[in-house]
Structure formats: structure tokens, C-alpha cells
Amino acid sequence: MMWTHTVDAPSAPPAVLLVLTLLLATSLSGCLFSTGDVEEQQEVLEPLRMNHIQVKGTHNSYHLKPLGGDLIAQYNYSHAPLATQAQDFQVRQFEIDVWFIPGFGLRVYHNPYDSRSTCAAFSDCLADLKNWSDANPAHVPLWVMVEPKDHELVVSGVDILERIEADIDSVWPRERRVQPDDVRGNSTTLRAAVMEGGWPILDDVRGKAAFALLDKSEIRDAYVQNNPGLENATMFVVVEEDAPEAALISWTDPESKGDALRSAVEAGFIVRTRPDSDTTEAQQGNYSRFDLALASGAHMLSTDFPGNDDEIGYAIWIPDGPVRCNPLTAPAHCTSAALESL
């Protein structure tokens with residue numbers, strides 16, 4: 001017969017068992033509840049939006065100084081190609097003048113006496129920007145201001161507004177654009193949307209472009225009449241602050257319009273101004289107007305001198321650029337790296 005012998009484990013004293021039980025309960029409690037406590041303590045940060053930024057733009061972004069341009073000071077500036085402006089000179093807002101030429105479509109130049117351009121056709125200008133955007137999909141939305149230069153009667157006679165939209169459609173697909181409908185949402189008007197709900201969240205509109213009709217004449221009025229409330233419209237428009245279509249405001253002089261610019265920014269509109277004009281500030285090396293433009297909170301500072309002109313010492317650079325946290329609208333947690341890091 002085989003005998004087996006078992007040894008019972010020594011029983012722990014009751015006091016020891018009580019201590020072990022308490023330690024285990026405390027450990028499990030930490031595992032089960034500490035994560036929730038931390039999450040509850042974390043501040044819910046306001047998302048960064050399209051109007052929380054400040055960027056450099058260019059005026060007449062296609063412009064090349066005319067031959068003999070030294071004789072006309074206000075024309076004496078040249079820009080690099082649009083994609084180069086975006087890549088090397090941190091430009092995020094562009095302005096393109098268009099003229100309708102029968103047989104050639106929409107052509108890009110300033111006027112008959114100042115007609116040199118880095119991109120001759122409107123669609124070519126758009127393609128240059130689109131190619132850069134494709135290569136840099138994390139960029140903040142590009143603003144493209146389109147200014148028809150023909151007389152109102154000519155514009156109406158050739159349906160130039162429809163031609164502008166058709167060229168935009170041919171290069172920038174709808175899913176790569178920010179349009180008034182995207183901003184309005186469920187609000188009654190575009191104006192109400194930007195003043196109450198805010199602009200789209202920045203991460204939702206990266207790699208896109210927003211187009212605007214830069215005109216305050218009958219051409220603008222015709223566009224609004226054709227697109228009441230800018231419903232289904234491709235472009236934003238520049239109107240007075242009390243108009244239902246108001247979302248974009250443009251006042252070029254930050255000195256005389258400083259208070260108005262700040263008020264519009266704080267109300268929720270996206271605002272454009274100019275830190276220099278007619279090469280005056282560049283000739284004087286005067287940055288006082290630039291300082292006023294920065295302080296106004298204007299979102300887009302449109303210059304003739306973004307930094308590519310080696311013949312003059314004047315150049316505009318956004319502090320902490322290419323995209324700066326807007327001094328009036330950005331939340332406290334905003335950083336330039338969070339806005340754009342290409």
C-alpha cells in the first residue's frame with residue numbers, strides 16, 4: 001500500500017488577511033476609477049477654427065512690374081509664382097484680377113498699361129495653387145480673392161460670374177472648397193452663423209480653398225441677386241456688416257479703419273486689410289501701418305512685398321508664421337504649430 005502525505009499551508013493570522021484585503025481593494029479601486037477622475041479633471045479645450053488665425057496675403061498676387069516700371073512707383077513690384085509664394089514666402093491669401101477676352105476666356109492682369117503676369121489665364125493661376133495644395137494637404141485654407149476688372153455692362157453681357165465659377169469648378173473640386181453653405185449650416189443667414197456659431201473647425205477644412213468675390217459694385221450686387229443669401233454659391237462676397245450675406249469684411253487702411261477692423265474681428269467676421277499700399281511704405285521702410293494691421297486682428301494682411309524682392313529692404317513677415325494665432329480671437333491654448341505645421 002502506498003502512503004501519501006499532504007502538508008497543509010500554514011493559515012495566516014486574521015490581522016494579516018485584513019491588511020492584504022485592504023491593499024488589494026485599494027489597488028483595484030485605483031485601476032477602475034483613476035482614469036475617469038483624470039478625464040473629468042481635464043479641461044475641454046475650444047477647437048481651433050478658421051477665424052482663429054492671422055496670415056500673410058498678397059495684393060495683385062500675379063503681378064510683375066511692367067517694363068520701365070520704375071517710372072510708375074505704384075506698379076514697381078513683382079511677385080513670385082503663386083505656388084512659390086505659398087511655399088517660400090508663407091502666403092496663404094491671394095488676389096487675382098480677371099478680364100474676359102473673347103476667344104481666350106478669363107485672362108489675368110492689372111490693366112492695359114500694367115499687364116505682365118506670372119500666370120496668364122485664371123485657370124492656370126488656380127492650377128498653380130492647387131498643385132501646391134496637393135503637395136501640402138495639411139495647410140490652413142487658402143483664401144483666393146477674385147476681382148473682375150471689366151465694366152459692369154461687359155461683365156453682365158458675357159456672364160463673367162458664371163465663367164469664374166466654371167473655372168473654379170474645373171480646377172478645385174467641391175470637396176476641396178469652403179463655401180458659404182459650409183459656414184451657414186443650420187443658421188438662418190451667413191451673418192448669423194459667423195456671429196453665433198463660428199467658422200468651421202480648422203482640422204475639418206485643411207487642404208481646402210475659400211473663394212471670394214472682391215468687388216463692391218453692381219457686379220457684387222448681381223452675384224448676390226443670382227444667389228440669394230449665397231445659397232449654393234461658390235464664392236463669399238464683401239458686403240457691409242449688417243447684410244445677411246456678411247461673413248468677409250475688407251477695409252484696406254488699418255490706420256483710419258482700425259477700430260472698425262477690431263470690431264468686425266471680435267464680432268466673428270473674417271477680415272482683410274493691407275499693411276502697405278502703392279509701394280509708399282516700402283520706399284520709406286515704414287512698418288507702422290503693418291504694426292497697426294497686426295494689432296487690428298485682421299485675419300489676412302495683403303502686401304505687395306512678401307519677401308521675394310531683393311532690390312528693396314522692405315518685406316512683410318507674420319510673427320511666428322506662416323500662421324499666427326489671432327491676437328483677438330484665438331483661444332489661450334492656441335500655438336502656431338497647432339495651426340499649421342507642414
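The model is predicted: local features need pLDDT of at least 70, side-chain atom pairs count only at pLDDT 80 or more, and totals for chains, interfaces and linings use all residues. Residues are numbered from 1 along each chain as its sequence is written, and side-chain values use heavy atoms, with hydrogens and water left out.

In soluble globular proteins, nonpolar side chains tend to be buried together. Here the largest nonpolar core has 87 residues. Such a core is a set of buried Ala, Val, Leu, Ile, Met, Phe, Trp, Tyr and Cys residues joined through side-chain atoms within 4.5 Å; buried means under 20% relative accessible area, exposed over 50%, and partly exposed in between, for a 1.4 Å probe and protein chains only. Among the residues with the most contacts inside this core are Trp 143, Trp 199 and Phe 236. Leaving aside residues up to four places away in sequence, Trp 199 touches residues including Arg 49, Met 50, Trp 143, Phe 236 and Ile 270, where contact means heavy atoms within 4.5 Å.

Charged side chains form a further set of links. The whole structure contains 13 salt bridges, each a side-chain nitrogen of Lys or Arg within 4 Å of a carboxyl oxygen of Asp or Glu. One of them joins Asp 134 to Arg 176 at 3.0 Å, N to O. Asp 134 lies in helix H3 (residues 122-135) and Arg 176 in the loop between helix H5 (160-171) and strand E5 (177-178), so the pair ties together parts that are 42 residues apart in sequence. Helices (H or I, at least four residues) and strands (E, at least two) are DSSP runs, numbered from the N terminus. Asp 134 is partly exposed at 39% relative accessible area, and Arg 176 is partly exposed at 21%.

Arg 274 and Asp 304 also meet in a salt bridge, at 3.3 Å, N to O. Both Arg 274 and Asp 304 are buried. Through shared partners, salt bridges join Lys 130, Asp 134 and Arg 176 into one network.

A further salt bridge, at 2.8 Å, N to O, pairs Asp 221 with Arg 220. Asp 221 is partly exposed at 40%, whereas Arg 220 is buried at 14%. Arg 220 is also one of the residues that line the largest cavity, as are Lys 216, Glu 240 and Glu 241. The second largest cavity is lined by residues including Met 50, Trp 143 and Ile 270, which Trp 199 also touches. On a 1 Å grid over the protein atoms alone, a cavity is a set of points where a 1.4 Å probe fits but cannot get out, and lining residues have an atom within 4 Å of a point.

Technical notes: 1 Å grid on protein atoms, 1.4 Å probe; cavity = no way out; pocket = protein on both sides within 12 Å on 5 of 7 lines; lining within 4 Å.
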